[in-house]
Amino acid sequence: MVNLEDEKMNKQLLKSLTCLLLSLFVADTYAEGNMLGFILGAPTGISAKKELGNSRAVDGALAFSLRKNESLTLHSTYLFENRFPVHIQDAGTMNLYYGLGARFAFIDAGKDRDKVAFGPRAPLGFNYDFTQQNVQLFTELSLTMDLIPSTEVDFDFGIGARFRF
């Protein structure tokens with residue numbers, strides 16, 4: 001039997017976290033280092049990134065999950081970036097990045113239906129910053145581990161693009 005109080009609390013938590021993530025990027029819209037774009041794969045949706053300087057950044061996504069039993073996901077990660085001396089005719093720079101963050105997923109089927117899964121995520125990826133354009137391409141593989149409502153370990157993979165504004 002579905003507990004309506006838990007369902008309301010889970011939905012409110014997800015809405016609050018979504019607003020918090022979006023406010024991080026909207027708060028300083030006119031500052032440099034803000035990016036907005038998309039990610040395709042698992043998950044698929046809107047991707048945002050805020051460069052913090054000193055090869056550090058915070059990224060996040062509000063996306064639909066292609067995983068069994070999940071619908072909407074929200075994640076945010078603190079990233080460390082290492083630049084590689086990879087240049088394609090001075091068109092840009094390639095970076096390796098890795099980090100640690102958290103992921104929330106709204107479960108819409110199965111034994112944990114109408115609950116919110118939560119756990120850490122640890123991505124490893126590459127991004128390519130174009131020198132002349134305000135575009136960044138990226139690809140990442142992320143280890144995710146749900147701690148609640150039950151323990152599960154999985155990998156997510158995505159490719160995407162972000163645009164600086």
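Pro123 has Ser142 in β7 as its bridge partner. That contact belongs to a predicted model of a barrel: 8 strands close in the order β1-β2-β3-β4-β5-β6-β7-β8, with antiparallel pairing. Neighbouring strands of this sheet are turned by 25° against each other on average, direction ignored. For such angles, axes are lines fitted to C-alpha atoms, and values run from 0 to 180 degrees between N-to-C directions.

**Basis and confidence**

- Residues are numbered from 1 along each chain as its sequence is written, and side-chain values use heavy atoms, without hydrogens and water.
- Because the model is predicted, local features need pLDDT of at least 70 and side-chain atom pairs count only at pLDDT 80 or more, while totals for chains, interfaces and linings use all residues.
- The mean pLDDT of the protein chain (the predictor's confidence in each residue, from 0 to 100) is 83.
- Of the chain's residues, 77% reach 70 or more.
- Helix α1 (residues 4-26) has the lowest mean pLDDT among the elements, 59. The highest, 96, belongs to β7.
- Where pLDDT is low, the predicted coordinates should not be read in detail.

**Overall layout**

- The protein chain has 1 helix and 8 strands.
- Helices (H or I, at least four residues) and strands (E, at least two) are DSSP runs, numbered from the N terminus.
- From the N terminus on, the elements run α-β-β-β-β-β-β-β-β.
- Buried residues make up 42% of the 165 residues. Buried means under 20% relative accessible area, exposed means over 50%, and partly exposed lies in between (1.4 Å probe, protein chains only).

**Strand pairing**

- Two strands pair if DSSP finds at least two bridges between them.
- Strand β1 (residues 34-42) pairs with strand β8 (residues 152-164) in the antiparallel sense, over 8 bridges.
- Along this pairing, Gly41 stands opposite Gly158 in β8. Met35 has Arg164 in β8 as its bridge partner.
- On β1's other pairing, 6 bridges join β1 to strand β2 (residues 44-53), and the two run antiparallel. Phe38 stands opposite Ile46 in β2.
- β1 and β2 form a hairpin with 1 residue between them.
- Strand β7 (residues 135-146) and β8 run antiparallel and are joined by 12 bridges. A hairpin of 5 residues connects β7 to β8.
- Strand β6 (residues 116-130) is joined to β7 by 9 bridges, again antiparallel.

**Nonpolar surface patch**

- A nonpolar patch on the surface has about 1,100 Å² of accessible area together, and its residues include Phe38, Leu40, Leu141, Phe157 and Phe163.
- Patches are made of residues with over 30% relative accessible area and no salt bridge; like charges are joined within 9 Å, nonpolar side chains (Val, Leu, Ile, Met, Phe, Trp, Tyr) within 5 Å.
- Accessible areas come from the Shrake-Rupley method with a 1.4 Å probe; for residues, only the protein chains shown count as cover.
- β1, β7 and β8 each supply at least two residues of the patch. The largest share, 5 residues, comes from β8.
- Leu141 lies in strand β7. Leu141 counts as partly exposed because its relative accessibility is 43%.

**Salt bridges**

- A search of the whole structure finds 8 salt bridges. Each is a side-chain nitrogen of Lys or Arg within 4 Å of a carboxyl oxygen of Asp or Glu.
- Glu51 forms a salt bridge with Arg164, the closest N and O atoms being 3.1 Å apart. This pair links distant parts of the chain: Glu51 sits in strand β2 and Arg164 in strand β8, 113 residues apart.
- Both partners are partly exposed: Glu51 at 26% relative accessibility, Arg164 at 23%.
- Glu51, Asp129 and Arg164 are linked in a network of salt bridges.
- Asp146 and Arg103 meet through their side chains in a salt bridge (2.6 Å, N to O). Asp146 lies in strand β7 and Arg103 in strand β5 (residues 92-107), so the pair ties together parts that are 43 residues apart in sequence.
- Asp146 counts as buried at 6% relative accessibility, and Arg103 counts as buried at 3%.
- Arg113 and Asp114 also meet in a salt bridge (3.8 Å, N to O). Arg113 is partly exposed at 48%, whereas Asp114 is buried at 15%.
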